[in-house]
Every structure is written in C-alpha cells, then in structure tokens.
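Please read this briefing alongside the sequence and the 3D view.

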Amino acid sequence: RALAAFIGEIGERVPNIVLSIISSLLPHLDGENYSMRNSVLITMGEIVSQVFTESSLDDIAKAARDEFLDKLMEHIYDVNAFVRSKCIQVWLNLFKKQAIPLSVQQLLVPKIVDRLQDKSSNVRKHSIQFLTTFLCSNPFTHKLSC
C-alpha cells in the first residue's frame with residue numbers, strides 16, 4: 001500500500017518524470033493488488049491531464065494519450081469495485097480539466113451510464129457525479145433547443 005501511495009503521489013506531482021518509466025508501471029494494471037491498479041490509473045490520468053493536453057501534440061504523443069485513455073476505459077469494467085470507482089473519478093477529473101477529446105467522450109458516456117446499474121454504491125455515486133458534470137458542461141448544450 002505504501003508503494004501504491006508513493007506512485008500515486010509522484011504521478012500527481014511530476015507526471016513528466018513518471019511518463020519516462022510508465023512502461024514499468026503498466027504491468028501492475030493486470031495485477032491482483034487493487035491499490036496498485038488505482039495508483040497507476042491515477043498516474044495515467046495525471047499524465048494525460050498535465051502532459052498530453054497541449055493543442056500541438058505530435059502523432060506519437062496523441063497515440064500515447066489514446067493508449068492511456070483506452071486503458072482507463074478498460075478499467076471502468078474492472079472486477080474490483082474500488083478500481084471501477086477510482087477509474088470513474090479519474091475520468092471525472094480529466095473531464096473537469098477538459099482533457100478528454102470529444103471522440104472519446106462519445107465512447108465514454110455510454111460506458112459510464114452502464115455503471116449506473118453497478119452493484120457497488122460507490123461506483124453508482126461516482127457515475128452520477130460524472131454524468132451530472134458532463135450534462136452541466138456539455139459542449140453541445142448551446143446547440144440544443146427545448
């Protein structure tokens with residue numbers, strides 16, 4: 001647990017440095033320890049929000065960002081409820097920082113809606129928080145008419 005907390009904290013503070021060693025952290029996403037999976041997901045979210053949000057990303061950076069977002073999307077359906085909940089929290093933070101491309105948002109929202117029927121109340125709660133935030137700051141709101 002101490003290592004997981006350390007990885008999460010380092011990922012939040014210096015994501016540029018963690019990006020260089022992310023290949024050694026990614027295997028922990030398939031491990032049994034849910035706290036390690038959570039810390040790697042937090043780290044990936046921080047890398048996406050702080051490193052990969054520039055408008056002038058090259059193709060390699062865009063591919064890396066998309067790979068991180070795909071990994072985050074996979075863990076919305078993780079076997080552990082704590083990981084599913086943390087993953088949705090990471091998505092919420094990414095959305096608040098406007099770090100999710102519109103094309104990914106279209107794929108993400110139905111998956112979050114599916115989590116509204118999750119057996120874990122924390123997952124349902126964080127899904128509702130994400131969808132509420134999404135609906136309140138939807139980029140297409142001004143185009144809708146009642």
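The axes of helix 7 and helix 8 come within 10 Å and cross at roughly 140 degrees. Axes here are lines fitted to C-alpha atoms, for helices over the stretch in contact, and angles run from 0 to 180 degrees between N-to-C directions. That angle makes helix 7 oblique to helix 8, given that angles under 35 degrees count as roughly parallel, over 145 as roughly antiparallel, 65 to 115 as roughly perpendicular and the rest as oblique. This is a predicted model, in which local features need pLDDT of at least 70 and side-chain atom pairs count only at pLDDT 80 or more, while totals for chains, interfaces and linings use all residues. Residues are numbered from 1 along each chain as its sequence is written, and side-chain values use heavy atoms, with hydrogens and water left out.

**Helix 7 and helix 8**

- Helices (H or I, at least four residues) and strands (E, at least two) are DSSP runs, numbered from the N terminus.
- Helix 7 passes helix 8 in a left-handed crossing; a crossing is left-handed if the near helix is turned anticlockwise from the far one by less than a right angle, and right-handed if clockwise.
- The contact is made by Gln105, Leu108, Val109, Ile112 and Val113 of helix 7 and by Ser127, Phe130, Leu131 and Phe134 of helix 8, where contact means heavy atoms within 4.5 Å.

**Helix 6 and its partners**

- Two packed helices are described by the angle between their axes and the distance between the axes.
- Helix 6 packs with helix 8 (residues 121–136) at an angle of about 15 degrees, and their axes are 8 Å apart.
- That angle makes helix 6 roughly parallel to helix 8.
- The crossing of these two, helix 6 and helix 8, is left-handed.
- Residues of helix 6 in this contact include Ala81, Arg84, Ser85 and Ile88, and those of helix 8 include Asn122, Val123 and His126.
- Helix 5 (residues 59–74) and helix 6 (residues 81–96) have axes that come within 9 Å and cross at roughly 140 degrees.
- That makes helix 5 oblique to helix 6.
- Helix 5 passes helix 6 in a left-handed crossing.
- On the helix 5 side Leu69, Leu72 and Met73 take part, and they meet Cys87, Val90, Trp91 and Leu94 in helix 6.

**Helix 5: two sides**

- Helix 5 has 16 residues and reaches 22 Å from its first C-alpha to its last, close to the 22 Å expected at 1.5 Å a residue; the expected span is 1.5 Å times one less than the number of residues.
- Ala61, Arg65, Phe68, Leu69, Leu72 and Met73 are the buried residues of helix 5. Buried means under 20% relative accessible area, exposed over 50%, and partly exposed in between (1.4 Å probe, protein chains only).
- The buried residues of helix 5 pack against helix 2, helix 3, helix 4, helix 6 and helix 7.
- Leucine 69 counts as buried, at 1% relative accessibility.
- Leaving aside its neighbours within four places in sequence, leucine 69 is in contact with Val48, Trp91, Leu94, Pro101 and Val104.

- At 1.5 Å a residue, the 12 residues of helix 1 (residues 2–13) should span 16 Å, and the end C-alpha atoms are 17 Å apart, which agrees.
- Ala4, Ile7, Gly8 and Gly11 are buried in helix 1.
- They cover an arc of only 95 degrees around the axis, which puts them on the same side of helix 1.
- On the other side of helix 1, the exposed residues include Ala2, Phe6 and Arg13.
- Helix 2 (15–20), helix 3 (22–25) and helix 4 (34–50) are among the elements that cover the buried residues of helix 1.

**Single residues**

- Glutamate 46 lies in helix 4 and is buried, with a relative accessible area of 11%.
- Glutamine 89, in helix 6, is partly exposed at a relative accessible area of 23%.
- Glutamine 98 sits in the loop between helix 6 and helix 7 (102–114) and counts as exposed at 71% relative accessibility.
- Phi of glutamine 98 is near 55 degrees, a positive value in a residue other than glycine.
- Most residues other than glycine have a negative phi.

Definitions and conventions
The arc is that of the directions from the helix axis to the C-beta atoms.
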